[in-house]
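Please read the following explanation alongside the sequence and the coordinates.

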Amino acid sequence: MATIPITKRGAEKLKEELHRLKTIERPAVINAIAEARAQGDLSENAEYEAAKDRQGFIEGRIQEVEGKLSAAQIIDPSQLDAGGKVVFGATVELEDEDSGESVTYQIVGEDEADLKLGLINVSSPIARALIGKDEGDTAEVQAPGGVRHYEIVAVSYR
């Protein structure tokens, strides 16, 4: 199985989710199934069916998170020294060459990506255009609205 890059913060979030699923969600759904079973006829028991569906979702998510954690290559961006190159985990300050607008993104794993927080997926078009470039370089990004050019103003590892 191929390794999946993830930041230290992203791995912690997945571990917290796994802990919550196993210690809170799983016991709660088991209790819900027991209560629904106690009501009698299971063939026409909507609460039982809903609880069983929820249990299937929780067990599937537990397996998914465990799989991701077992295949994870945990990277601590603060320990990186890529000499100013844009790499996974780097925080990059960009300036749109057309509008002069400035944005800052951190390149993270798929499960951590949240554009509102400035966290972009390593496989997104903008991240792919940035990786391997240095401060002062220009990245050409194929966006839905056409090609955009960004100047890399600063690269940091935090």
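Two strands are taken to pair if DSSP finds at least two bridges between them. In this predicted model, threonine 91 stands opposite serine 156 in E7. The strands concerned, E3 and E7 (residues 146-156), are antiparallel and share six bridges.

E3, residues 91-96, also pairs with E4, residues 102-108, again in the antiparallel sense, over five bridges. Here glutamate 95 has serine 102 of E4 as its bridge partner. Five residues lie between the strands of this hairpin, and glycine 100 takes a positive phi near 80° in it.

E7 is joined to E6 as well, by six bridges between antiparallel strands. Glutamine 142 stands opposite valine 147 in E7. Put together, the strands form an open sheet of five in the order E5-E4-E3-E7-E6, with mixed pairing. E5 (119-121) and E6 (138-143) are the edge strands, each pairing on one side only. On average, neighbouring strands of this sheet are turned by 45° against each other, direction ignored.

Confidence is lowest in E6, with a mean of 90, and highest in E5, at 96.

The charged side chains come next. Side chains of opposite charge can pair when their charged atoms come close. The structure holds eleven salt bridges. One of them joins aspartate 76 and lysine 8, at 4.0 Å from N to O. Because aspartate 76 lies in the loop between E2 (72-75) and E3, and lysine 8 in helix H1 (residues 8-38), this pair ties together parts that are 68 residues apart in sequence. Aspartate 76 is partly exposed, at a relative accessible area of 23%, and lysine 8 is partly exposed at 44%.

Lysine 22 and glutamate 66 form another salt bridge, with their closest N and O atoms 2.7 Å apart. Lysine 22 belongs to H1 and glutamate 66 to H2 (residues 46-71), so parts 44 residues apart in sequence are tied together. Lysine 22 is partly exposed, with a relative accessible area of 34%; glutamate 66 is partly exposed, also with 34%.

Within H2, arginine 61 and glutamate 64 lie three residues apart, about one turn of the helix. Their side chains meet in a salt bridge of 3.1 Å, N to O. Arginine 61 counts as buried because its relative accessibility is 17%, under the 20% limit, whereas glutamate 64 is partly exposed at 38%. Salt bridges with shared partners join Glu17, Arg61, Glu64, Lys68 and Asp111 into one network.

Methods. Residues are numbered from 1 along each chain as its sequence is written. This is a predicted model: local features need pLDDT of at least 70, side-chain atom pairs count only at pLDDT 80 or more; totals for chains, interfaces and linings use all residues. Side-chain values use heavy atoms; hydrogens and water are left out. Helices (H or I, at least four residues) and strands (E, at least two) are DSSP runs, numbered from the N terminus. Axes are lines fitted to C-alpha atoms, for helices over the stretch in contact, and angles run from 0 to 180 degrees between N-to-C directions. pLDDT is the predictor's confidence in each residue, from 0 to 100. Buried means under 20% relative accessible area, exposed over 50%, partly exposed in between (1.4 Å probe, protein chains only).
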